[in-house]
Amino acid sequence: MTQTLNIDILTIFPEIFQSPLEHGIIRRAKQAGIVTITPHNLRDFTHDKHHVVDDRPFGGGEGMVLKPEPIFRALEFLTHKSEPENSSIILLTPQGRTFTQSLAVDLSRLKQIVLICGRYEGIDERVNQVFSTDEVSIGDYVISGGEFAALVIVDAVVRLLPNALGCKDSTANESFSSGLLDCPVYTRPAIYRGLEVPEVLQNGNHREIAQWRRRKALEKTLLKRPDLLDKAPLRKEDLDLISKIKENS
Ligand code: 6GU
């Protein structure tokens, strides 16, 4: 039995997490005991009659700020038995560093991840001072709260866990693990509305097919995400192909 990853999600909207975690790979990973995913209602960690989780910002200004006490109590409860070197407390905020495949890989090796779903106006800074939180954003745009960001991260991490996918190398060949975008794919019929699947894919020559796929991946990356080429591990043949593609366009 491989080790189980425990993901705890701290949120004021735990219901959001019900249906999204009941499908496909995540559902199977949970059933197989590869991961546990537990949403916790921040209101359960309040001690006042009205279960208040937010308050107005000191110094004035728009919106509400998440109060420190419920988050402190929740984090103490969730991490009192955890090994700091094998766990991570992540605060989801547009102010964080951008989530990447490489961070997903790092997280997939831990035993516990605590995701705190912030709201846009923020969370009392003393949470960051006391718990060493990693602030993470899912991209340069604003969404109303961290809940959908948490779902994105959970999905990206869970599919990387050993045995979460059916086929062993199915994550190795994907976009971003190679550092390039994927090549185009086709399925039957071979001709549809007069549009033909490239001959090379139909002739069964695996060396030619691999070369074609590499060239198409390079072409597509050059066209849509040239920034990725600076970091992607490229061979001499790749660089030659890139020069040719540039000459032809
Ligand atoms: Cl983590 N939260 C919010 N509210 N907006 C975001 C985000 C997170 N990442 C990108 N935009």
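A residue counts as near a molecule if one of its heavy atoms lies within 4 Å of it. I'm keeping that in mind for these notes, which are about a predicted model.

**Entry 1: who is around the ligand**

I looked up the neighbours first. Leu92, Thr93 and Pro94 are on the list, along with Val136, Ser137, Ile138, Gly139, Tyr141, Ile143, Gly145 and Ala149. Sorted by class, this shell has seven nonpolar and four polar residues, and no charged residues turn up.

Which backbone atoms come up against the ligand's nitrogen atoms? Ile143 has a polar backbone atom 2.6 Å from a ligand nitrogen. For Ile138, the distance from a polar backbone atom to a nitrogen of the ligand is 2.9 Å. These pairs count as polar contacts because the cut-off for N or O atoms is 3.5 Å.

On its own the ligand has 290 Å² of accessible area, and the protein covers 100% of that.

Then I asked myself: what kind of space does the ligand take? The answer is the largest cavity. As for the shell, β5 (87-98) and β7 (133-137) are the elements that give two or more residues to it. β5 has the largest share, with three residues.

**Entry 2: the cavity itself**

How many cavities of 30 Å³ or more are there? I get a count of one. The largest cavity holds about 150 Å³ of space. It is lined by 16 residues, and the closest to its centre are Thr93, Pro94, Ile143, Gly145 and Ala149. I noticed that those five names are also on my list of ligand neighbours.

β5 and β7 come up again here, as the elements that give two or more residues to the cavity lining. β5 supplies the largest share of this lining, three residues. By class I noted nine nonpolar, six polar and one charged in the lining.

Last, I looked up the second largest pocket, which has a volume of about 410 Å³. Of its 14 lining residues, Thr100, Gln101, Phe176, Leu228 and Lys231 are the closest to the centre. Helices α3 (101-107) and α8 (226-229) each supply at least two residues of the lining. The class tally for this pocket is five nonpolar, six polar and three charged.

Key. Residues are numbered from 1 along each chain as its sequence is written. This is a predicted model: local features need pLDDT of at least 70, side-chain atom pairs count only at pLDDT 80 or more; totals for chains, interfaces and linings use all residues. Side-chain values use heavy atoms; hydrogens and water are left out. A polar contact is a pair of N or O atoms within 3.5 Å; within protein, one must be able to donate a hydrogen and the other to accept it, and residues adjacent in sequence count only if both atoms are side-chain atoms. Accessible areas come from the Shrake-Rupley method with a 1.4 Å probe; for residues, only the protein chains shown count as cover. On a 1 Å grid over the protein atoms alone, a cavity is a set of points where a 1.4 Å probe fits but cannot get out, and a pocket is an open set with protein on both sides within 12 Å along at least five of seven lines; lining residues have an atom within 4 Å of a point. A molecule sits in a cavity or pocket if more than half of its atoms lie within 2 Å of its grid points. Helices (H or I, at least four residues) and strands (E, at least two) are DSSP runs, numbered from the N terminus. Ala, Val, Leu, Ile, Met, Phe, Trp, Tyr, Cys and Pro count as nonpolar, Asp, Glu, Lys and Arg as charged, and the others, Gly among them, as polar. Grid points are joined across faces, edges and corners, and a volume is the space filled by probe spheres set on the points.
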